[in-house]
Amino acid sequence: MRRSFKFLLRPTRHQEIALAACLEDHRTLYNAALEHRRTAYRKAGVTIRYGDQSADLKHIRADDTGGQGRWSFSSQQATLRRLDRAFRAFFDRVKAGRTPGFPRFKGRGRFDTVEWPRDGDGCRWDSQPEHPTAAFVRLQGVGHVRVHRHRPVKGRVKTIGVKREGDRWYVVLSCDDVSAEPLPATGTAVGIDMGVASLVTTSGGEHVANPRHLAATADRLADAQRALARKKRGSTRRRKAVARVAALHGKVRRQRLDHGHKAVFALVRTYDVIVHEDLRIANMTRSASGTLTQPGRNVAAKSGLNRSILDAGWGVFLTILSYKAESAGRELIAVNPAHTSRTCAACGHRAAENRLTQAEFACTACGHTAHADVNAAVNILRAGLALRRAARAV
Ligand SMILES: [Zn+2]
């Protein structure tokens, strides 16, 4: 199976300048290739393809040895492929009858990743294995950059990426052949309901709250964005405000990941079978039934941003859950969440009136009462186990 590992880089001042130049040159390349495609298409109706642009790359490098020529040919090809994907997606949407926006130029701050498609080609993971204490990654044109490797890397390193987040730099390794580490079976199954007041509620009645500090950071981020909107374009104050917004975005991301890992770890350790809502369907039904516009009382409804940050936690949580479950040999089942919140888990009676408030469920038929999220989680578990039985019967 495939896994990715992300580590903080500790570049020297000199390397940091080289990293910034590397990123900037890849951005320039991306924009130039986009310009080329746009002009050819608009003026002559000619479609430029990846193969054409990759062939041009040789000349660009030869003409600019101190600039574009410094970096890895392969990482530049990866950048051109990225543009190619943007165009394919654009044409797919056109074909589907929609009117998508044309692929856009990447401004500073909108281009934050360079990828090397193969370890050993313009880059080398663990480039100084003889070093007694530290790990390094070698990047063409940058040098051996020190890595804060806070956990061991497993499997075989396939691609290496460098990412800028605010004023930090990270290396992202994508590894193949990562072996599973199954956990002992526990013989138990759980259903989980994902919400706003609680990130996760289990069918057993446990609530994993969205952390307070995440909501606090979200508030600060909202403030920082308002402050940014007041600053004059091109001013030093504006530049500082942009940096502050970026730093807070990074903080939200780290807090969400950290919290997601903890929540997932507890579930995967305890249960063999985990049933969750299919998020794509869940998002639609939630907004249709108005749940998103009426968050629980515990959540400060300070702004749409705050809520969207808490919501985005579901995606992160499910991503972590899916790879942890696979690695631990747990079974993960996604179910259609339709009606799970208004159906009685005790008698099956389905009515909108069953749901008294955001938090309370009281069945109008049998009188069963429960926390609304727990009731939903029990229904989710039941739906998952039914799917599982049906699959086994085939
Ligand atoms: Zn009932």
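## Helices α4 and α5

A crossing of two helices is called left-handed if the near helix is turned anticlockwise from the far one by less than a right angle. In this predicted model, the crossing of α4 and α5 is left-handed. Helix α4 spans residues 212-230 and helix α5 spans residues 236-270. Their axes lie 9 Å apart and the helices pack at an angle of about 160°. Because angles over 145 degrees count as roughly antiparallel, α4 is described as roughly antiparallel to α5.

On the α4 side, the contact is made by H213, L214, T217, A218, R220, L221, A224, Q225, A227 and L228. On the α5 side, the contributing residues are A241, V242, R244, V245, L248, H249, K251, V252, Q255, R256 and H259. The residues of this contact comprise eleven nonpolar, six polar and four charged.

Helix α5 contains 35 residues, and 52 Å separate its first C-alpha from its last. This is close to the 51 Å expected at 1.5 Å a residue.

The buried residues of α5 are L248, R256, H259, G260, A263, V264, L267 and V268. Among them, L248, R256 and H259 also take part in the contact with α4.

## Residue L173 in strand β7

L173 belongs to strand β7, which covers residues 168-176. This residue counts as buried because it has 24 C-beta neighbours inside 10 Å, and the cut-off for burial is 20 or more.

Apart from its neighbours within four places in sequence, L173 is in contact with S4, F5, W125, V153, V157 and I160. L29 stands 144 residues from L173 along the chain, and the C-alpha atoms of the two are separated by 23 Å.

Methods. Residues are numbered from 1 along each chain as its sequence is written. This is a predicted model: local features need pLDDT of at least 70, side-chain atom pairs count only at pLDDT 80 or more; totals for chains, interfaces and linings use all residues. Helices (H or I, at least four residues) and strands (E, at least two) are DSSP runs, numbered from the N terminus. A residue is buried if 20 or more other C-beta atoms lie within 10 Å of its own, exposed if 12 or fewer, and partly exposed in between; C-beta atoms are placed from the backbone. Two residues are in contact if their C-beta atoms, placed from the backbone, lie within 7 Å. Axes are lines fitted to C-alpha atoms, for helices over the stretch in contact, and angles run from 0 to 180 degrees between N-to-C directions. Angles under 35 degrees count as roughly parallel, over 145 as roughly antiparallel, 65 to 115 as roughly perpendicular and the rest as oblique. Ala, Val, Leu, Ile, Met, Phe, Trp, Tyr, Cys and Pro count as nonpolar, Asp, Glu, Lys and Arg as charged, and the others, Gly among them, as polar. The expected span of a helix is 1.5 Å times one less than its number of residues.
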